[in-house]
Amino acid sequence: MNSLATQLCPCGSGLRTVRCCGLNTAALPPAESTRHLVPLVERALQAHKQGANDTAERLCLDVLEMAPDRPGALSVLYQIRRAEGKMQAAEALLRRLVNFDPNNFPATNELALILMGKGNLGEAEVHARNAVRIAPQNPQAHNLMGMIMTEGQRPRVGEYHYRQVLALSGQRDPILLANLAWNLKNQGRMAEARALYQESVDAAPEIKQTLLGWARLEEADREFAAAAEKLDKMDKLWPNDAAVMMSRAVLLGREKKNDEALAVLDAVAKQNPDGRLGPNELLEKGRLLDQMGRYDEAFADFAEGKRLARELSGHVYLDQQAQELTNRLRNFFVAGRLKTLPRAGVRTDVPQPIFVLGFPRSGTTLVEQTLTAHPRIAAGDELPLINDITHLMPRMLASPLGYPEAMAELWMGDQRAGLDNLRDWYLQKVEQMGILTEGAVWFTDKMPLNETHLGLIALLFPESPLIHVIRHPLDIMVSAMSNHFTHGFFCSNALETAATHYMRVMDLVQHYRSEMALRYMPIRYEEMVDDQEGTVRAILDFVGEAFDPRCLAFHENRRYARTASYAQVTEKLYDRSRFRHRHYLEHLKPAIERLGYSVD
Amino acid sequence: MEPIPPPTADNGNLVPVPLGELFPLAADCERAGKLQQANSLLGHILATMPNQPDSLHLAGIVAFRLGEHERALGLMEKAIEVGVDTPLYLRNICEVYRTLGRLDDALRTATRAVELSPSDPLCLHNLAIIHYERLEIDESIACAEKALLMNDQLPGAHFELAEALLLQGKWDRGWEEYEWRFQIASAAPMMPKTTKPQWQGEAFDDETLLLVADQGFGDVIQFSRYIPWVAERCPKLAVACAAEVAPILKQIHPGLNLFQKWDEVPPYRAYAALSGLPRLHGTRVDNVPAPVPYLHASPEKVAVWRERLDRLTPRGFRRVGIVWAGRPTHNNDRRRSATLAAYAPLFSLPRTMLVSLQKGPSADQAGRYFGRAPFVNFGAEIETYDDTMAIIDCLDVVVTVDTSVGHLAAAMGRPAWIMLATAPDWRWLLERSDTPWYPTVRLFRQTVARQWGDVTQRVADGLREWFDPATSPRQIETAS
């Protein structure tokens, strides 16, 4: 007997690999032939209900050894493993359960929640949509969609589903109200959000997540006193709570009370068993130290925060994938081939996108906030749609190839309009997201690193302005170290990989620009800071819109920027983040080398 | 002393060669163009005798021919130091200095070479070239003439004299000297060997006259204006040309027979180079035939490109076409070509879009443009001169170094602003900012050798003035 046949599955389910993650579903016996096992499954269910977990486990393992697709046994074993905290095994069992029993609503719901908890929003969305398909009248199905869409930066879609929950349940559940409030806050609808938090707290005054969310709303809306009041209340209810203290530190930081903020974080560290901070707290602390000019300490905290984040999330830069994609794009988008490809036509009946491109932390939020203060430009924020199109493309073009090679289908007689279809898909999604405001003829899409797909964008929207925000790469590196972002194949989890990815993308942009005629405009963040009006005028000229003085007072633009830059863009254009890297030259050495600089 | 690994001769066997016999071997290799081998042989000699002047000098020449100019200079300077003013070394190093743009050093060494070896016409020839590049044209002519007194069969000196005379506008004499260009040993032959005579301007209508579209594409565009004049004398014409310029020549004279392969050329009675036609025509500065516009963009192509350009141009923006480098194989490319970065003063022109027409290896600089003015790179999309002409038709002006695109815009009667090196090609004459060849050309001359910054600044200032919003775009367009 070979070892594979006897080996227990590494996921920890207790099943053999061949009956678990190495299962060959094609070789399964028909369900009919294992019907005699049903009584065993029922006994397992019974035992589990009565708390006899050992018995239940034994029975499930026996059943699944013979019939690995029995839903009841999968369900019970999943619950046992989950209770034991064996999350890998639990997830594997749950996925199998959903696979073999696709109409199982509780399992689908559970799987969507687990995936959302892991931050895997793409897959979570697939299962949430299934939940709605299984039970369109079930409030919880819509609640899932509400949560996932809100987290996935499609708050308008999320709002629709939350409101469905309210309608279907006929109740105003305080937690749901708080979730909806968070959604509205992300849309910048602060007053509506505030009213819902009030209603939620009136109904259930002591729910920590609700109060924390409310405090974050007030902080983001620069109502610092109101935020402090919420935190004071929470201090009394949950003294020394780490989440509350973290919110307090953020608030104090925004009030420029850096010493006090630091003291709060130190207190958080002290009460942790190992006396240390988590990744988010470390970055917050680093940012405070940076503000205070204590650069070496700040960088040490950034580095440690990144290290911890890597350790806890398991996310490291997907070097191979990034390299493969950039190579494929570089090989595909060449002048000779571009001559043979059609371009999508330009729609004149709906507002058109302005793409604000740039590496994360380059100042894309600043440029977007400035532009969208203009009455004819609506704010789209970070739209995931271009990335979605890269995944959809093979299906929409009926191609056996992936992106970008799938565009070979555009040579077929029946796919000549393929790009127009993809363009319409994008524009339709934009309309559904509800970002288009009255009077707008443009909207922004500021998804960072969309410049990776500059070629595709130019084929889909050949007349759309491409505003590429560039900034001193070392400043970007400092900023990447002091903030978390997941864009760019998790490159920001370490300094070196952030630099590597930056170079990859910039080289790719240079390639596109050599091979294609683009409506492209580079904007230097530093120039924006030096000469705001000149830069804004230049961009508007380029877009073809008249100058509007409101763009200069963008920090009064009450629209809340959802991204990590929200605190900065609500301050007047500030000089401090320009050439900030000078304080960190020593620490940046690995990045400097990778970026082709030398330390002078 | 460490034993040197035995070098071997070039005959494949591994018999060690005595050190003393290596130098002639190396010299043979250099003459035969086996540069790497010469380099390695000289390396062996210099490892043992690091101060052997002939080897240092020859190693310098080899390095220079390998394109390692700085290393060449180091070796040759050392050769002069240890070889104490050997005229040959000085005569050769001056050319390295010139290539590197160190014109003072070039002049100093070339002058010294002439002092030491007053009867060597090659020293004078080199000095003539250096004077030309320093824009000391009278001196250049004097040196070339002196060299020719010593040996009147030196094609290089004749050619140098021709360029200097032509640059001064003394075209009658210049054209005659210019004929020597075909004799220069290093010049690629214009056509396969033939027993047929060169045309001398005589008329005949029973046999074919072969015209050869020689030299660069800019020359072809410029001198193709003479084809109708030739056709009046010899109506049966065949033109041998590169495929790239065929669309241009087709426009010049209807029904012209064009050939891209020598074996397809029909029998002919005599031949002439396009670049020799000004001589036969008797062109002087005051009688240049300039039937501009003599090239036109195709309306269909213009419609396509105009639509694309209109889509990419922000409303109300001017369009300035730019080209910053010529064909790198041109022997003066180092002097005449700039970089995109040198165009920086144009990057901040208000309400102006730059349109790159740059082709070739320098085109990728477009990807590194981060200026304020919008910039559209058509380089990768342009396939033929027909495309280039159609785009030029949609531009307000073309700004270029001395390239074929400048000739193209000029022959179309479009505004072309051409930036010239301190010592320009003869056709642009001296000092003037216009040219008898093309009425819509404006010349911008370099004041300091190889420095473009102030030239592009003057171009930018000129454009700013020209684009003054008080003047409407229609009014400022020059004749077309």
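## A cis proline in chain B

Let's begin in a loop of this predicted model. B:Pro293 sits in the loop that runs between helix 14 (277-281) and helix 15 (299-312) of chain B. The peptide bond joining B:Val292 to B:Pro293 is cis, with omega at about 0°.

You will find A:Pro404 in the loop between helix 21 (385-396) and helix 22 (418-433) of chain A.

Back in chain B, have a look at B:Leu135, a residue other than glycine with a positive phi, near 65°. B:Leu135 belongs to the loop between helix 7 (121-133) and helix 8 (137-150) of chain B. As background, most peptide bonds are trans, and most residues other than glycine have a negative phi.

## How chain B is divided

Chain B falls into three parts: domain 1 covers 19-183, domain 2 covers 209-287 and domain 3 covers 299-476. Between the C-alpha centres of domain 1 and domain 2 of chain B there are 35 Å. Five residues from domain 1 of chain B and five residues from domain 2 of chain B make up the contact. On the side of domain 1 of chain B that touches domain 2 of chain B, three residues are nonpolar, one is polar and one is charged.

## A helix pair in chain B

Helix 3 (residues 53-65) of chain B packs with helix 4 (residues 69-83) of chain B at an angle of about 160°, and their axes are 8 Å apart. Angles over 145 degrees count as roughly antiparallel, and the two helices, helix 3 and helix 4 of chain B, are therefore roughly antiparallel to each other. The crossing of helix 3 of chain B past helix 4 of chain B is left-handed.

Which residues of the two helices meet? Helix 3 of chain B brings B:Pro53, B:Leu56, B:His57, B:Ala59, B:Gly60, B:Ala63 and B:Phe64. From helix 4 of chain B come B:His69, B:Arg71, B:Ala72, B:Leu75, B:Met76, B:Lys78, B:Ala79, B:Val82 and B:Gly83. By type, the residues of this contact between helix 3 and helix 4 of chain B are 10 nonpolar, four polar and two charged.

## The sheet of chain B

Chain B also holds an open sheet of six strands, paired in parallel and ordered 7-6-5-8-9-10. Strand 7 (375-377) and strand 10 (441-445) of chain B are at the edges with a single partner strand each, so one side of each has no neighbour in the sheet. From one strand to the next, the twist averages 20°.

Strand 6 (residues 352-356) of chain B runs parallel to strand 7 of chain B and is joined to strand 7 by three bridges.

## A helix pair in chain A

In chain A, helix 5 (residues 87-100) and helix 6 (residues 105-117) pack with their axes 9 Å apart, at an angle of about 140°. That angle makes helix 5 of chain A oblique to helix 6 of chain A. Helix 5 of chain A passes helix 6 of chain A in a crossing that is left-handed.

On the helix 5 side of chain A, the residues that meet helix 6 are A:Glu91, A:Leu94, A:Arg95, A:Leu97 and A:Val98. Facing them in helix 6 of chain A are A:Ala107, A:Thr108, A:Glu110, A:Leu111 and A:Ile114. This contact of helix 5 with helix 6 of chain A holds six nonpolar residues, one polar and three charged.

## The sheet of chain A

The open sheet of chain A has five strands in the order 2-3-1-4-5, with parallel pairing. Its edge strands are strand 2 (377-378) and strand 5 of chain A, each pairing on one side only. Five bridges link strand 4 (residues 466-470) of chain A to strand 5 of chain A, and these two run parallel. Among the residues here, A:Ile470 has A:Arg524 in strand 5 of chain A as its bridge partner.

Helix 20 (residues 364-372) of chain A lies across strand 1 (352-357), strand 2, strand 3 (442-445), strand 4 and strand 5 of chain A. Relative to strand 1 of chain A, helix 20 of chain A runs at about 150°.

## Where the two chains meet

In the contact between the chains, 19 residues of chain A touch 18 residues of chain B. Helix 26 (495-515), strand 5 (520-524) and helix 28 (532-543) of chain A are the elements that give two or more residues to the chain A side. Which element of chain A gives the most to this side? Helix 26 of chain A does, with five residues. The chain A side that touches chain B is made up of nine nonpolar, four polar and six charged residues.

Terms used
Residues numbered from 1 in each chain as written. Chains lettered and ligands numbered in written order. Predicted model: local features only at pLDDT ≥ 70, side-chain atom pairs only at ≥ 80, totals over all residues. Domains from an automatic or database assignment. Contact = placed C-beta atoms within 7 Å. Nonpolar A, V, L, I, M, F, W, Y, C, P; charged D, E, K, R; others polar. Helix = DSSP H or I, 4+ residues; strand = E, 2+ residues; numbered from the N terminus. Pairing = 2+ DSSP bridges. Axes fitted to C-alpha atoms, helices over the stretch in contact; angles between N-to-C directions. Parallel < 35°, antiparallel > 145°, perpendicular 65-115°, else oblique. Left-handed = near helix turned anticlockwise from the far one by under 90°.
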